Amino acid sequence: LNTAINNGTFVVSGRAHIVVKEGEKLELDKETLALFGDFFSGQPDLIIDASGRKRLIPNLLKLETQTGKRKDKALFAHFEGVEFSQGIGNIHMHMCEKGWSWRIPLQGKTSVGIVADRNYLAEFGTNNEDQYDNFIKQDTRLSPFLKDAKRISGIQQYSNYQMETAKLYGPNWVLAGDTAGFLDPVFSSGLYLAMTNPIRIAKALDESEDYQLLDYQKDWNQELTSWKKMIEIWYNGRLFSTYLVGQDRMKTLIGRKIEPHVVKHFTRIFTGEAVHSQYSMWLLKFMSGNLLDLMKRTGMHHHNYQSLAI
């Protein structure tokens, strides 16, 4: 926000109230418009909804929304004194008995989160604080890193997972970020999508570009399809199995030859760089699917991906 202000962006602090003018055309109400003084001559030409999970315009217009199958709940808080035995500065993720957890180093603190089915978390208490604290205490993989740590924040929750808005733009509005759709916190895809797609919106508004809001929506849908595939192999255990097999097979002569190629494409996928690359996505699907199954049948590995499912 400070960078935007320093580059000349006009910012108004206040709550935006939007009303439906006719059909799907929207306007700011009089009170909101008054906050801008004489900045506008009448109504703005375009309203961009970046309201996140509040989903201001989708809820106002009752836009068609698709929800995913998973009903997980994420609880997270900040700690001081979290142990990082290796890879200090990296994001650490662990499988739990029925879920997964993250540790994200921040400046002077660490974000520690747990993700599990909401019914399972209910077994640890009747409120978020009890569920969070008790889950961590009993988890043998996560608790050792927090034995000398102190929680310095309250518990925050995300639970409305995997929600996609079918329509991303209208006569004078467009959706950006989580208000358009969100999937899962596992690969931070929400942050990636929230930062890349406004660039596409700007491109669609540039008359010198051969790019329209329809193209923006098509790109969004394609990216969400790719991210959903990656999230699926995380939860069904195939990604973990591929990693374990790689730990064994990459030590061989052939493994050492192909490792740089595989690492290059896999890392580019999970940072978002290659979600539009048909080859990269095919390589991930092949190695975590048909190749993994073939190697299992021929005795080249003995990992059971179903046992690693979350």
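How many residues does α7 have, and how far does α7 reach from its first C-alpha to its last? In this predicted model, α7 has 23 residues and reaches 33 Å between those two atoms, close to the 33 Å expected at 1.5 Å a residue. Just after α7, Gly-237 takes a positive phi of about 95 degrees.

The overall architecture was examined next. The protein comprises 11 helices and 13 strands, and its C-alpha atoms fill a box of roughly 70 × 45 × 35 Å along the principal axes. Of the 310 residues, 41% count as buried. Among contacts between residues at least 6 apart in sequence, 64% join residues that are at least 24 apart.

In soluble globular proteins, nonpolar side chains tend to be buried together. In the present model, the largest nonpolar core has 51 residues. The residues with the most contacts inside this core are Ile-57, Trp-173, Phe-187, Tyr-216, Trp-227, Met-230 and Trp-234. Helix α7, which spans residues 213-235, gives the most to this core, contributing 10 residues. A second, separate core has 18 residues, among them Leu-75, Tyr-120, Tyr-132 and Ile-155. Within the largest core, Ile-57 touches Ile-18, Leu-26, Ile-47, Asp-49, Lys-62, Trp-173 and Leu-175, when residues up to four places away in sequence are not counted.

One of these contacts of Ile-57, Ile-18, also takes part in strand pairing, with Leu-28 of β2 as its bridge partner. Strands β1 (residues 18-22) and β2 (residues 25-28) run antiparallel and are joined by 4 bridges. The hairpin that they form has 2 residues between the strands, and Gly-23 in this hairpin takes a positive phi near 60 degrees.

An open sheet of 3 strands shows the order β4-β11-β13, with antiparallel pairing. Its edge strands are β4 (65-67) and β13 (181-182), each of which pairs on one side only. Strand β11 (residues 163-165) pairs with β13 over 2 bridges, and Glu-164 stands opposite Gly-181 of β13.

Aromatic side chains were then considered. A pair of aromatic rings is described by the distance of the centres and the angle of the planes. The count comes to 18 aromatic pairs.

Lys-203 lies over the face of Tyr-211, at 4.7 Å from the ring centre. Arg-238 lies over the face of Tyr-305, at 3.9 Å from the ring centre.

A further glycine is found in a loop. Gly-108 lies between β7 (99-106) and β8 (109-117). This residue counts as exposed because its relative accessibility is 65%, which is over the 50% cut-off. Gly-108 and Glu-80 are 28 residues apart in sequence, and their C-alpha atoms are 7.2 Å apart in space.

Conventions:
Residues numbered from 1 in each chain as written. Predicted model: local features only at pLDDT ≥ 70, side-chain atom pairs only at ≥ 80, totals over all residues. Heavy atoms only, no water. Core = buried A, V, L, I, M, F, W, Y, C linked by side-chain atoms within 4.5 Å. Buried < 20%, exposed > 50% of the residue type's maximum accessible area, 1.4 Å probe, protein only. Contact = heavy atoms within 4.5 Å. Pairing = 2+ DSSP bridges. Phe/Tyr/Trp six-rings, centres within 6.5 Å; stacked < 30°, edge-to-face > 60°. Lys NZ or Arg CZ within 6 Å of the ring centre and 35° of its normal. Expected span 1.5 Å × (residues − 1).
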